[in-house]
Amino acid sequence: MISSTPTSPYLPFNDTHRSGMTLFCLHHAGSNAASFRSWQAYFAGYGIHIAPLELPGHGTRRSQSLHTSHLTLIEDMSHALLGLLPERYAIYGHSLGALLGFELASALQAQGRPPQALFVSGRRPPQLPTPLPWRHQMGDAELVEQLLALGGNGTTLLAHPELQALFLPVIRADFAITECYQYQPRPALQCPLHSFVGERDPEVSAAQMALWQMHTAADFSQQVIGGAHFPDEQAQQVLWQEIARRLVQSREKV
């Protein structure tokens, strides 16, 4: 049953399903949980519940303080979600969300509640540091130029100076999380890990994405999809289809 009131600020739109499969989704830098609303109708057809996660300082939580380190964020998020986890769940994250998804999966595994699968796209694996120059240290003009080159839905905000003033502190904090991140070795995930990379992604190569394999003791797969850092419409459908197929497969094995 879905509660009309979220049981955690990390779940702004709906509660988790206690039966079936829930896919927790983590967005890229500067985005918010609403970016996954379009996923819900597609995955509902497979009996998969989409649960976008809202980070402090983003979207419905924009009045809250932003995090600039994954350490405090993951500690808070894992504590908030632990008692709400359905029996079967998986995690998906893109770019910054891939890194946070990995850290969240590791934290929940350490507390005895590992996910059924982790899906990552558009980010180098945790053991590869972000090369300089770092975007969170750039001036506004240079940062805006970088964001326009990357593309994505957030670029529409950059044409309005008053919206820039609201948007840039958020994405700068998010870039600080991913760029200052320092990997700490830990036990490999016990769930399958599936990676996706855009064929023209300037942020990460297919060879780099393949190095995610070291973080799972279970099955690993990689798929090159269309688009650059953000998937185009056709690639988005491929991504959805592959995630749904993998989750349905895992359900049938039980």
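**Exercises on a predicted model**

S250 is buried, its relative accessible area being 18%. The structure is a predicted model, and the exercises below start from this residue.

**Exercise 1.** Determine where S250 is placed and what its side chain and its contacts involve.

*Solution.* 
1. S250 belongs to helix α7, which covers residues 233-252.
2. A polar atom of the S250 side chain lies 2.8 Å from the backbone oxygen of L247.
3. Once neighbours within four places in sequence are set aside, S250 is in contact with M21 and R88.

**Exercise 2.** Classify the relative orientation of α2 and α3, and describe their contact.

*Solution.* 
1. The axes of α2 (residues 70-82) and α3 (residues 96-110) come within 10 Å and cross at roughly 55°.
2. Angles from 65 to 115 degrees count as roughly perpendicular, and those under 35 degrees as roughly parallel; α2 and α3 are therefore oblique to each other.
3. The crossing of α2 and α3 is right-handed.
4. From α2, H70, L73, I74, M77, S78, L81 and L82 meet L100, E103, L104, A107 and L108 of α3.
5. By class, this contact comprises 9 nonpolar, 2 polar and 1 charged residues.

**Exercise 3.** Carry out the corresponding analysis for α4 and α5.

*Solution.* 
1. Helix α4 (residues 140-150) packs against helix α5 (residues 161-179) at about 80°, with the axes 11 Å apart.
2. This angle makes α4 roughly perpendicular to α5.
3. D140, L143, V144 and L147 of α4 meet Q164, F167, L168, I171, R172 and F175 of α5.
4. The contact of α4 with α5 has 7 nonpolar, 1 polar and 2 charged residues.

Definitions and conventions
Residues are numbered from 1 along each chain as its sequence is written. This is a predicted model: local features need pLDDT of at least 70, side-chain atom pairs count only at pLDDT 80 or more; totals for chains, interfaces and linings use all residues. Side-chain values use heavy atoms; hydrogens and water are left out. Helices (H or I, at least four residues) and strands (E, at least two) are DSSP runs, numbered from the N terminus. Buried means under 20% relative accessible area, exposed over 50%, partly exposed in between (1.4 Å probe, protein chains only). A polar contact is a pair of N or O atoms within 3.5 Å; within protein, one must be able to donate a hydrogen and the other to accept it, and residues adjacent in sequence count only if both atoms are side-chain atoms. Contact means heavy atoms within 4.5 Å. Axes are lines fitted to C-alpha atoms, for helices over the stretch in contact, and angles run from 0 to 180 degrees between N-to-C directions. Angles under 35 degrees count as roughly parallel, over 145 as roughly antiparallel, 65 to 115 as roughly perpendicular and the rest as oblique. A crossing is left-handed if the near helix is turned anticlockwise from the far one by less than a right angle, and right-handed if clockwise. Ala, Val, Leu, Ile, Met, Phe, Trp, Tyr, Cys and Pro count as nonpolar, Asp, Glu, Lys and Arg as charged, and the others, Gly among them, as polar.
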